[in-house]
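This briefing is intended for a reader who has the sequence and the coordinates at hand. Please consult the structure shown here alongside the points below.

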Amino acid sequence: MNGFLYGAALQWKLDLRSRTMLIACYAVPLLFFAVMGGIFTSVMPESGQTLIQSMTVFSVTMGALIGLPPSLAEIYRSGIKNAYQANGVPLSLGLFLTNISAFVHLLIMSFILYVIAPAAFDAKIPAHPGTYFVGLITLIAVSLSIASVIGLAVKDTANTSMFSILLFLPSTMLSGIMFPRDMLPKAFAVAGKLFPAAWGYAFMTESDFTWHNLWPMLVIFITAVLICAILLKKIETR
C-alpha cells in the first residue's frame, strides 16, 4: 500500500512538471472558458443554463485526449518500461497511476469551473448536482480509457498528438456543446454518438438520473479497458 501511495505521489509530481499535462488540463481549458464563456453568454444568453456542463465537457475531453497519451508514450516507449520489468513491477501499474493522476487533475479543473462560472458569467448551477457529478466522473473515466488506448497503441511517439487531435476535434464539435445537435446534419449527429463527450453532455444536462445516456459510456469504457489489456500484453512481449 505504501508503495502504491508513493508511486501515485511521484506520478502527481511528474504531471505537475509536465508542460503538456498542465497546458491540456488547466491552461487551455481556462483560456477557452474565459473567451468562449463570454462569447456564448453574450450571443446566446440562454447558454448560461448549460455553460458549466459545456465548458466541463471541453475541459475533460481535452485534458484526457491531449494530456494523457504523451505521458503513457513516455512510459512505454522509453527506458521506464525496462526499469519496470527489471524491478518486477507490473507494467499495468504505470497505466493505472497515470490514469489516477489525470483523473484527479481533471476533477480539480472541473470543480474550478463549477465554482467560478456562476460568478464570472452568471452561469446556472446544475439543477441536479448528483446527476451532474455522476456524469462528470463517468465522462472523465471513459475519456481517460480512450486516451489510454491511444497512448498504448500508437507505436511512434511523435504521432501520438496527431491521433489525439483527430479524436479530440470531432468529440467536441459533434458533442452539442458548441451548438445543439439537432442543428447538425443527420450523419454528423450520428457520428457524434460514437464519442463519450456527446453522451456525457447529454447526461449532465438531464433533469433526472436515467440510464439512457449513461449505458453507452459504460459500453465504451468496458471496450476500451479490454483493448488496453490486450495492448499491455503485447507491450510485455516486446
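The structure is a predicted model, and its chain has 238 residues. The chain contains 10 helices and zero strands. Its average pLDDT is 85, and 48% of its residues count as buried.

**Confidence of the model**

- A pLDDT of at least 70 is reached by 87% of the residues.
- Among the elements of the chain, helix H6 (residues 129-153) has the highest mean pLDDT, at 94, whereas helix H1 (residues 2-17) has the lowest, at 57.
- Where pLDDT is low, the predicted coordinates should not be read in detail.

**Overall fold**

- Read from the N terminus, the order of the elements is α-α-α-α-α-α-α-α-α-α.
- Of the contacts in the chain with a separation of 6 or more, 76% are between residues 24 or more positions apart.

**The largest nonpolar core**

- The largest nonpolar core consists of 59 residues. Those with the most contacts inside the core are Met55, Val57, Tyr76, Leu95, Leu144, Leu152 and Met217.
- At least two residues of this core come from each of H2, helix H3 (51-76), helix H5 (91-121), H6, helix H9 (196-204) and helix H10 (215-236).
- H3 gives the most to this core, supplying 14 residues.
- In soluble globular proteins, nonpolar side chains tend to be buried together.
- Methionine 55, one of the core residues with the most contacts, touches Phe32, Phe33, Met36, Phe40 and Leu113 when residues up to four places away in sequence are not counted.

**The second largest pocket**

- The second largest pocket holds about 320 Å³ of space, and 15 residues line this pocket.
- Phe96, Asn99, Ser148, Phe221 and Val225 are the lining residues nearest the centre of the second largest pocket.
- H5, H6 and H10 are the elements that give two or more residues to this lining. With six residues, H5 gives the most.

**Buried residues in helices**

- Methionine 21 belongs to helix H2 (residues 19-43). Its relative accessibility is 1%, below the 20% limit, and methionine 21 therefore counts as buried.
- Although methionine 21 and serine 71 are 50 residues apart in sequence, their C-alpha atoms are 8.2 Å apart in space.
- Serine 54 is placed in helix H3. This serine is buried because its relative accessible area is 4%, which is under 20%.
- Contacts of serine 54, leaving aside neighbours within four places in sequence, are with Ile177 and Tyr201.
- Serine 145 is placed in helix H6 and counts as buried because its relative accessibility is 5%.
- Not counting residues up to four places away in sequence, serine 145 touches Asn99, Phe221, Ala224 and Cys228. Serine 145 and cysteine 228 are 83 residues apart along the chain, and their C-alpha atoms are separated by 8.0 Å.

**The loop between H5 and H6**

- Aspartate 122 is found in the loop between H5 and H6. This residue is exposed because its relative accessible area is 67%, which is over 50%.
- Aspartate 122 is not a glycine, yet it has a positive phi of about 55°. Most residues other than glycine have a negative phi.
- Histidine 128 lies in the loop between H5 and H6. Its relative accessibility is 34%, and histidine 128 therefore counts as partly exposed, a class that lies between the 20% and 50% limits.
- Which residues does histidine 128 touch, not counting residues up to four places away in sequence? The residues touched are Glu206, Ser207 and Asp208.
- The C-alpha atoms of histidine 128 and serine 207 are separated by 6.5 Å, while the two residues are 79 residues apart along the chain.

Technical notes. Residues are numbered from 1 along each chain as its sequence is written. This is a predicted model: local features need pLDDT of at least 70, side-chain atom pairs count only at pLDDT 80 or more; totals for chains, interfaces and linings use all residues. Side-chain values use heavy atoms; hydrogens and water are left out. Helices (H or I, at least four residues) and strands (E, at least two) are DSSP runs, numbered from the N terminus. Buried means under 20% relative accessible area, exposed over 50%, partly exposed in between (1.4 Å probe, protein chains only). pLDDT is the predictor's confidence in each residue, from 0 to 100. Contact means heavy atoms within 4.5 Å. A nonpolar core is a set of buried Ala, Val, Leu, Ile, Met, Phe, Trp, Tyr and Cys residues joined through side-chain atoms within 4.5 Å. On a 1 Å grid over the protein atoms alone, a cavity is a set of points where a 1.4 Å probe fits but cannot get out, and a pocket is an open set with protein on both sides within 12 Å along at least five of seven lines; lining residues have an atom within 4 Å of a point. Grid points are joined across faces, edges and corners, and a volume is the space filled by probe spheres set on the points.
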